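Visitor: I am new to this structure. Could you show it to me and take my questions one at a time?

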Amino acid sequence: MPQKIEQADKFIDGFYDKSLSSCDLVKALSFKWFRLNTLYFIKDKEGKKVRFRPNQAQKNFFINEHKNDLILKARQLGFTTFKMINDLDEALFTPNYAAGCIAHNDKSAKSIFRNKIKFAYENISDSFILIFNEISSGLPKPINDRDGTYIFDNGSELSVSTGFRGGTLQSLHVSEFGKICKSRPDVAEEIVTGAFQAVSKDGTKTIESTAEGKEGYFFRYCDEAAKREKAGRKPISLEFKLHFYPWFNDPSYSIDENVIIPDRLITYFDKLTGSSINLSDQQKYWYTAKEKDLGQKMQQEYPSTPEEAFSNSVKGAYYAQQFTKIYKEGRIGKMPKNEHLPVHTAWDLGVGDSTAIWFYQKVNTKYHIIDFYQNSGEGLQHYAKILKTKPYSYGKHYAPHDIDNREFGSDAQSRYDLAKKGWLIDGKKYRISFDRLPRLSVEDGIEAVRTILNDCVFSDTIQQNTILINNENVSGIDCLENYRKKWNARAGCYRDKPLHDWASDAADAFRYFAVAETKVNRYIGQSNLIRF
């Protein structure tokens, strides 16, 4: 393999400096590594079309891949993109090749297929297509490209889904398996007992993820692989090989600005140096600046060692203990339909920030959290339309005291009065009659959430109904889990105040739900339904 890489690299250099002859180009196209570096286009982080060039981590994996591989990594190293391009290339140049990718939810699956596989195939340049037409029968053409699946006329197939069972795959890639193991252990078990068994005897399985705590299949596989490596034993074909890619191997994780490094991080960097990890000043500046935002979650998202990756959950998270119990008791899953019961809502109303809404039902002594919605830059009428489209019979609508604030562009009417007056939507008048909540301290509200989470069951649809924040798909549950204390970088400790970030609006809306149920109205009646 290394010798073929060296040969391909010479051709790649010639391709980019335009010194490659036509004869050499034909020869170069027989090398998979050359095709991966020249044939395909992707969207970069800014959404621009660029030619795909594997980064150093991806190249390292290409050279050192086993048969069953675990990729434990820092964020945004592009391994799912690399695997999809790799499997697309196999499907195009190997007849009857079947490859699959499992994503952690439907939205991610559709995005991977559309933005990584289909985009790469449809943007192969005409000049390359002409060359393949001359030297062979041409590139295979899709006879089906619906429902996240490419079926080509050479018999090959490439699919992205949330699970596989049945059929036979030559390659299976599981994206963000750590996240699946943590949030959906039942789905993780289905992947292991179903999808893994669909891979042929000579096929390959690749699992990639950031760390998500010390439990579940992903942690267990990584732990076992690390122990084998420390014992000096190479994995057999059926065992997983661990590939670890830390943040500091990516050259983009450095900045030139001079950042003041606190003493505790100086000590941390010195410890890394003692472990033969030598960082440049620019890398230390980047790490210091990034850690101010992420706090102790930095070691999970941008680990320096495999042990460090699994050492932290979300440090400073207000509801970590409660969600550990929720996952252990399996209180996230399919929800029974209780159409005879009203659906209540709890809102956090934003003007500059997002507006977030939780939908729930009181079922005996439990609270069924059945839905979540969040958006920004919209007036109340937008959210009235959202409520109207959902198949619920509504009960109470809880809002914070600031609902008496004026709605932007509403002729000085308060949001409470505007909602009560209603809007003409689809030729009918629709109103929302809010119940104002008392003004309680954030600390009291957080304690109310901690109490009520013991009685909450979440629908798994909430995890699939994600919102795009900072180019990441996150769910309402992600927001609750990541709602945490503000990190004091100088003191090296947490303040007793919440960090206002992407998780705050959803967490605030949930806090209002908890206040309504534990402080205001423990037993909600089923009268005065507002039917949209």
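Visitor: Which residues of α5 meet Ala57, Gln58, Phe61 and Phe62 in α4?
Guide: This is a predicted model. In it, four residues of α4 take part: Ala57, Gln58, Phe61 and Phe62. Across from them, on α5, are Phe79, Phe82, Lys83 and Asn86.

Visitor: How many residues of the contact of α4 with α5 are charged?
Guide: The residues of this contact divide into classes. Five are nonpolar and two are polar. The number that are charged is one.

Visitor: Are α4 and α5 perpendicular or oblique?
Guide: Two packed helices are described by the angle between their axes and the distance between the axes. The axes of α4 (residues 56-64) and α5 come within 10 Å and cross at roughly 50°. That angle makes α4, relative to α5, oblique.

Visitor: What about Lys83: buried or exposed?
Guide: Lys83 sits in helix α5. Not counting residues up to four places away in sequence, it touches Phe61, Ser171, His173 and Thr206. Its relative accessibility is 2%, so Lys83 counts as buried.

Visitor: What separates the C-alpha atoms of Lys83 and Val174?
Guide: Along the chain, Lys83 and Val174 are 91 residues apart.

Visitor: What does Leu88 touch?
Guide: Residues up to four places away in sequence are not counted here. The others touched by Leu88 are Tyr40, Ile117, Ala120, Tyr121, Phe152 and Leu158.

Visitor: Is Thr38 buried or exposed?
Guide: Thr38 lies in helix α3 (residues 32-38). It touches Phe15, Tyr16, Arg51, Phe52 and Phe128, with residues up to four places away in sequence not counted. Its relative accessibility is 0%, so Thr38 counts as buried.

Visitor: Which elements cover the buried residues of α16?
Guide: The buried residues of α16 (residues 380-389) are Leu380, His382, Tyr383, Ala384, Ile386 and Leu387. What covers them includes β12, β13, β14, β15, α17 and β16.

Visitor: Are α18 and α21 oblique or perpendicular to each other?
Guide: Helix α18 (residues 442-452) packs on helix α21 (residues 504-520) with the axes 8 Å apart. The angle is about 75°. Therefore α18 and α21 are roughly perpendicular.

Visitor: How many residues of the contact of α18 with α21 are nonpolar?
Guide: On the α18 side, the contact includes Val442 and Ile446. On the α21 side, Phe510 and Arg511 are among the residues. Two residues of the contact are polar and three are charged, while the nonpolar ones number nine.

Technical notes: Residues are numbered from 1 along each chain as its sequence is written. This is a predicted model: local features need pLDDT of at least 70, side-chain atom pairs count only at pLDDT 80 or more; totals for chains, interfaces and linings use all residues. Side-chain values use heavy atoms; hydrogens and water are left out. Contact means heavy atoms within 4.5 Å. Axes are lines fitted to C-alpha atoms, for helices over the stretch in contact, and angles run from 0 to 180 degrees between N-to-C directions. Helices (H or I, at least four residues) and strands (E, at least two) are DSSP runs, numbered from the N terminus. Angles under 35 degrees count as roughly parallel, over 145 as roughly antiparallel, 65 to 115 as roughly perpendicular and the rest as oblique. Ala, Val, Leu, Ile, Met, Phe, Trp, Tyr, Cys and Pro count as nonpolar, Asp, Glu, Lys and Arg as charged, and the others, Gly among them, as polar. Buried means under 20% relative accessible area, exposed over 50%, partly exposed in between (1.4 Å probe, protein chains only).
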